[in-house]
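Please have the sequence and the 3D view open while reading.

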Amino acid sequence: MTLHAPDVAEIRSASRMLVRKLGFMGKTLAQTELSPSAVHALIEIGAAPGIPAQALCGLLNLDKSSISRMLRQLSLSGDVEERADSCDKRVKRLHLTPQGEARLSQIHRFAEQQVTQAMGRLTPREQATTLDGLRLYAGALSPPSGTASSGIEIAAGYRTGLIGRITDMHARHYARSSGFGQSFESLVASGLAEFAGRLDRPCNAIWCALRGGEIVGSVAIDGEDLGGGLAHLRWFIVEDGLQGLGVGGRLLTAAMAFVDEQAIPETHLWTFAGLNVARHLYEVQGFRCVEERQGSQWGSEVLEQRFVRPLGAGGARLPLDQGATRTPV
């Protein structure tokens with residue numbers, strides 16, 4: 001659909017009015033002495049306790065230096081505290097202090113009152129139209145980066161060649177990046193073959209990213225191999241040439257939506273140290289590193305890491321993919 005000039009002008013005018021009426025033109029926001037960006041930082045930290053500072057850059061669309069200055073101020077004001085990661089002491093995780101939690105409650109009350117008063121002036125039909133319009137417009141403002149992603153479909157279920165293609169992507173990538181060899185390739189192939197025979201069970205699912213019918217990415221949720229009603233995220237990979245186009249984020253979003261719909265209490269994944277882009281994406285989704293140990297289950301000695309995501313943690317705020325993301329098995 002092509003918009004005419006008057007339509008564009010009206011949308012811009014309405015957007016400016018929203019900014020003014022919601023208070024974003026001022027130095028402070030939500031009846032606090034905090035800047036708009038600091039208010040949004042408190043909201044994100046409160047929604048995902050333990051989030052690393054790096055993740056805020058993507059969520060708030062701010063550069064690292066701006067985030068650092070803002071977090072310094074929030075720390076000095078007594079609203080936010082940093083704690084060292086249990087697995088990697090170099091990573092600092094952000095938490096609200098009791099004072100920060102009280103301030104966040106005040107912010108939520110103010111914002112909820114704003115929305116309730118405004119929507120109360122509309123009919124039920126107008127309320128539904130407003131909600132749909134805001135969702136669509138916000139989504140349209142943040143399309144996947146790059147043009148290649150628009151031609152990629154995320155499809156659920158088994159398809160011919162899946163086992164061989166996903167095994168090939170894993171084997172070639174990890175041979176180059178980590179020196180994994182035949183034992184790793186065999187592990188991926190045998191695990192996938194066994195899992196494919198269980199896809200008829202409702203707790204198991206697999207998704208593929210397809211470009212012109214060719215598999216260029218994958219992720220699976222195995223609801224049986226860990227036992228105890230837990231989910232295991234497995235075979236998460238995106239073809240190297242599609243880094244940064246949002247494909248990995250779309251795959252992970254589909255998998256986490258499935259887990260939440262199934263009400264599976266926890267999702268676990270095993271990976272290894274050094275896959276920093278993947279770790280960032282997992283953490284934004286709500287995963288946290290809970291265990292770290294030396295191991296060789298993939299054919300070479302690496303620092304293995306186990307991540308856990310509680311039910312419903314973080315998925316609604318997944319940003320665009322920042323690079324290729326991979327979880328071997």
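Axes here are lines fitted to C-alpha atoms, for helices over the stretch in contact, and angles run from 0 to 180 degrees between N-to-C directions. Helices (H or I, at least four residues) and strands (E, at least two) are DSSP runs, numbered from the N terminus. The model is predicted: local features need pLDDT of at least 70, side-chain atom pairs count only at pLDDT 80 or more, and totals for chains, interfaces and linings use all residues. Residues are numbered from 1 along each chain as its sequence is written, and side-chain values use heavy atoms, with hydrogens and water left out.

**Helix pair α7 and α8**
- Helix α7 (residues 162-178) packs against helix α8 (residues 182-196) at an angle of about 155°, and their axes are 9 Å apart.
- That makes the two helices roughly antiparallel (angles over 145 degrees).
- Contact means heavy atoms within 4.5 Å; on the α7 side the residues include Leu162, Ile166, His170 and Tyr174, and on the α8 side they include Phe184, Glu185, Val188 and Leu192.
- By class, this contact has eleven nonpolar, two polar and one charged residues (Ala, Val, Leu, Ile, Met, Phe, Trp, Tyr, Cys and Pro count as nonpolar, Asp, Glu, Lys and Arg as charged, and the others, Gly among them, as polar).

**Whole chain**
- The chain has ten helices and ten strands.
- Of its 329 residues, 41% are buried (under 20% relative accessible area, 1.4 Å probe, protein chains only).
- Among contacts between residues at least 6 apart in sequence, 65% join residues at least 24 apart.

**Confidence**
- Mean pLDDT (the predictor's confidence in each residue, from 0 to 100) is 84 for the chain, and 87% of residues reach 70 or more.
- Residues 315-326 have pLDDT below 50, and this stretch has 52 contacts in the model beyond near neighbours in sequence.

How values were computed: Parallel < 35°, antiparallel > 145°, perpendicular 65-115°, else oblique. Buried < 20%, exposed > 50% of the residue type's maximum accessible area, 1.4 Å probe, protein only.
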